[in-house]
Amino acid sequence: MKRTTLSLIAAGAALAAVTSVAAVAAPEEGPAATGKAAQQPVERTSLLCPAPSSSELAETTYTAFTPKTEVSADSGTAALVPAARSLAGKDDKDDKEEKDDKDGKDGKKGEEEKPFLAVKKQGAPVTAEENGSGAPALIGLAEGSLAPGWSAQQTTHFTAGAGRGLHGAVCSAPDTDFWFPGASTAEDRSDYLHLTNPDDAAAVVDIELYGKDGALDSEVGEGIQVPPRSSVPVLLSTLTGKPQTNLTVHVTARSGRVAAAVQALDQKVGGDWLTPSAEPSASVVLPGIPKDATAVRLVAFAPGSADADLKVSLAGPNGSLSPAGNETLHLKSGMTTAVDLADVTRGEPGSLVLTPTGDSGDTPVVAAVRVIRGKGAEQERAFIPAARPVGDRATVTGNGAKGTYLALTAPGKAAKVRVTASAGTGGGTAATKTYSVGAGRTLAADIPLPDSLKGTYALTVETVSGGPVHASRTLTLSGAAADGISMFTVQNLTDDRGTVTVPAARPEMGVLLD
């Protein structure tokens, strides 16, 4: 398997950056008119959700939301529709019938696909449910006033079987480059990489696997075809003959673009979605490790040509400290490194912060943690990948009145953030609260519940002042519904890219975010 250099990573990032274009009329006055760049709301954005499960025991809830903004709410659409193919592919006959329907043959006129889930107005979350193996992968597009900040989530409850537990995944925008430290092809794991293509042309994807000794030889992972507007699962163990307990997976789209996520199913400790790590960076933050974590494993990888030496810190409620015996971490270039940190949080929520040591330079890395709660037969597992900052604003949907926890981390300077809990899917009034997060600390925020809440709600976090803030939301399920197991899933909150910078020289272009 060939090794991908950081120059390709940079090229991919540059390609992603140019997909955000501005589309507003040239203003008569303001930053653009005076030769300065201006921030403008996006006019279109895409989201993709992987197929939740092939199990008949799965119960999936989808939620979607667009926060209130200064953009006129007079018009706009935001809808998710089922992918043409999901976990089960179609045969040639199905493809012909689908084409005939679109072309209006056999006396039928092609009809526009009915939305599976559609947001109608800003500030009002919506929800839909689908049980069993029929829950689809979704492809979504938001335009106009419903595009800025549009967010969606899928949460699946498995009552039994491999991977039983609570599986949560934030629906993501398509891209061309992804890193997944923390995957596995061990005998008790079944990790499926889900690739979803939103476009009308096929995408071609390459998958590279890196173990503790470096790249794994595999030609099977090269040139994987993802049909138009379809989702394809790839069992990672079929790409290599030797089981690997800790893997880093690198996914690149050589043509087209996709969304990618790994669904990790374990016979002993349940399952969850492993979403991509933040892009390679010299410093990374893994926010919101639960206070009652009984086992934490850090998996990290340096994708460039240089080794990395990192300081490991745990940012807790009262400040930062380094785990005893794991104060530093050495990463050999191109080799996956895993470190078991046991019950590192010791009764207090915390976030891992990895920073370069003084003499190691700024070697980019990716990372994720595997978190286990419970003991013995009641263990449950989730993943927290390295997170990008909240930025101006980030939103996560599908929160309940009980069992929802928000962690806010300021790895550098202290910061102030504003948290808004929206009205519920069945009614209620939004509530807002402002928090101060100390430098090098993690705050377990007391979430302001919406008044007269009915259904689930969305959480929006906005940076008001200070340094960068990283955040994650934890959903939990316990009691009879969880068969006595403390089921949980963790999702990061990252900048929703609701605005883009409009170059002063071209203010007439449109704002697109696909």
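Okay, let's start with a sheet: it is open, it has 4 strands in the order S16-S12-S18-S19, and the pairing is antiparallel. Strands here are DSSP runs of E with at least two residues, numbered from the N terminus, and two of them pair if DSSP finds at least two bridges between them. The edges are S16 (230-235) and S19 (270-274), each pairing on one side only.

Before I go on, this is a predicted model, where local features need pLDDT of at least 70, side-chain atom pairs count only at pLDDT 80 or more, and totals for chains, interfaces and linings use all residues. Residues are numbered from 1 along each chain as its sequence is written, and side-chain values use heavy atoms, with hydrogens and water left out.

Back to the sheet. S12 (residues 189-197) and S18 (residues 259-266) run antiparallel, paired over 8 bridges. Which residue in S18 is the bridge partner of Tyr 192? That's Gln 263.

Now for Pro 503. You'll find Pro 503 in the loop between S39 (499-502) and S40 (510-513).
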